[in-house]
Amino acid sequence: MNRALPLFISTFASVAAMTTTHAETFSFDRDATGALPAGWRSGVTGRGSPKWSVEADASAPSKPNVLKQSGSGFFPWCVRPEVSLENGYIEVKFKPLSGREDQAGGVVWRWKDGDNYYVARANALENNVSLYYTTNGRRNTIKYVDAPVPGNAWHTLRVDFAGTKVRVSLDGKQYIETDDDHIVGPGAVGVWTKADSVTLFDDFSYGAASAR
C-alpha cells in the first residue's frame, strides 16, 4: 500500500471541506437545441471558430440532449461563468466523435478567463489522459498518462482538486495524482476541446466534495 495515500486523502478532505459551493448537475435536457445552454459562455483560447450548441442525440446517457462542440480552434471552451469554486470536484460524460488532428474531451476549473485555467482531458487519437495549466493563453503540460479512450463511445472524466492536490480519473479509474500550485483561488468550471475535435458532453456536474 502506498503509505503517502492516507496523508493525501486526509489533506485533500480537509481542504475540500473549506469549499461551500453546492453541487449541481446539468443534463442540457431543458435547454433549447441549436444554441448555448442557459447560463453558459463559450470561447476559444488562441484562434479559431468553435461552435457549441445543445443538440438532440439518441446515444445521450441522459436523453434527449447533449452539448456539442462542432467547430474548430486552438482550445475551445464552454464554462459556467458565475461559478466560483476553489476546492471540490468536476465530472462530465463525453463522447469523441471525430477529428483528424484531435479527438479530445476535457474539463476546466479555477477558470479565471479564457487564458488562465486548469484543464484535464482524455484523447481518443492518442489514448491518454493529461493535465495542464494555462496561463496568459499558453497551455503547459503537467502530466501525461497512457489510458484507453475508444472513439465514438461515452466516457466519464472526473477531477478532484483541493489546494495543490489534483486527481484525474477516467471511467472510474484514477490515472493522475499530483501536486501543482500554478492556478490558485476560486474560478469557474466547464468543458473543453482541442483543434478539430467534434465532441459530445452530457451530465456535467461540479461541487465541493471530500476525496473518494
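Biologist: What makes the contact between the side chains of Asp102 and Lys194 a salt bridge?

Modeller: In this predicted model, the side chains of Asp102 and Lys194 come to 3.3 Å, N to O, and a salt bridge is called when a side-chain nitrogen of Lys or Arg is within 4 Å of a carboxyl oxygen of Asp or Glu. Asp102 lies in the loop between S6 and S7, and Lys194 in the loop between strand S14 (187-192) and strand S15 (198-207), so the pair ties together parts that are 92 residues apart in sequence.

Biologist: Why does Asp102 count as buried, and why does Lys194?

Modeller: Buried means under 20% relative accessible area. Asp102 has 1% relative accessibility and therefore counts as buried, and Lys194, with a relative accessible area of 16%, is buried too.

Biologist: How do you know that Lys165 forms a salt bridge with Asp179, and which parts of the chain does the pair link?

Modeller: The closest N and O atoms of Lys165 and Asp179 are 3.1 Å apart, which meets the cut-off of within 4 Å. The pair links distant parts of the chain, with Lys165 in strand S12 and Asp179 in strand S13 (residues 173-179), 14 residues apart.

Biologist: How many salt bridges does the structure hold, and what joins Glu91, Arg158 and Asp160 into one network?

Modeller: The structure holds seven salt bridges, and it is salt bridges that share partners which join Glu91, Arg158 and Asp160. Arg158 lies in strand S11 and Glu91 in strand S6, so the pair ties together parts that are 67 residues apart in sequence. Both Arg158 and Glu91 are buried.

Biologist: Why is strand S11 described as mostly covered, and which strands pair with it?

Modeller: Strand S11 spans residues 155-162, and seven of its eight residues are buried. Strand S6 (residues 88-98) runs antiparallel to S11 and is joined to it by seven bridges, with Ile90 standing opposite Val159. Strand S12 (residues 165-170) also pairs with S11 in the antiparallel sense, over six bridges, and there Phe161 stands opposite Val166. Pairing requires at least two bridges. S11 and S12 form a hairpin with two residues between them, and Gly163 in the turn has a positive phi of about 60 degrees.

Biologist: What makes S2 and S10 edge strands of their sheet?

Modeller: The open sheet of seven strands has the order S2-S5-S14-S7-S8-S9-S10, with antiparallel pairing. Strand S2 (41-49) and strand S10 (138-146) each have a single partner strand, so one side of each is left without a neighbour in the sheet. From one strand to the next, the twist averages 20 degrees. Inside this order, strand S7 (residues 104-113) and strand S8 (residues 116-123) pair over seven bridges in the antiparallel sense, and Val108 has Val119 as its bridge partner in S8.

Biologist: Why is Arg80 called buried, and what is it in contact with?

Modeller: Arg80, placed in strand S5 (residues 72-85), has 9% relative accessibility and therefore counts as buried, given the limit of under 20%. Leaving aside neighbours within four places in sequence, Arg80 is in contact with Phe26, Ala38, Gly39, Trp40, Ala188 and Val189.

Biologist: Which residues have the most contacts inside the largest nonpolar core, and what does Val168 touch?

Modeller: The largest nonpolar core has 38 residues, and those with the most contacts inside it are Trp109, Val159, Val168, Leu170, Val191 and Phe204. Not counting residues up to four places away in sequence, Val168 touches a set of residues that includes Ala120, Val129, Leu131, Leu157, Val159 and Ile176. A second, separate core of 11 residues includes Val79, Val119, Tyr132 and Ala188.

Biologist: How many helices and strands does the protein chain have, and what share of its residues counts as buried?

Modeller: The secondary structure of the protein chain comes to one helix and 15 strands, and 53% of its 212 residues count as buried. Among contacts between residues at least 6 apart in sequence, 68% join residues at least 24 apart.

Definitions and conventions:
Residues numbered from 1 in each chain as written. Predicted model: local features only at pLDDT ≥ 70, side-chain atom pairs only at ≥ 80, totals over all residues. Heavy atoms only, no water. Buried < 20%, exposed > 50% of the residue type's maximum accessible area, 1.4 Å probe, protein only. Helix = DSSP H or I, 4+ residues; strand = E, 2+ residues; numbered from the N terminus. Axes fitted to C-alpha atoms, helices over the stretch in contact; angles between N-to-C directions. Contact = heavy atoms within 4.5 Å. Core = buried A, V, L, I, M, F, W, Y, C linked by side-chain atoms within 4.5 Å.
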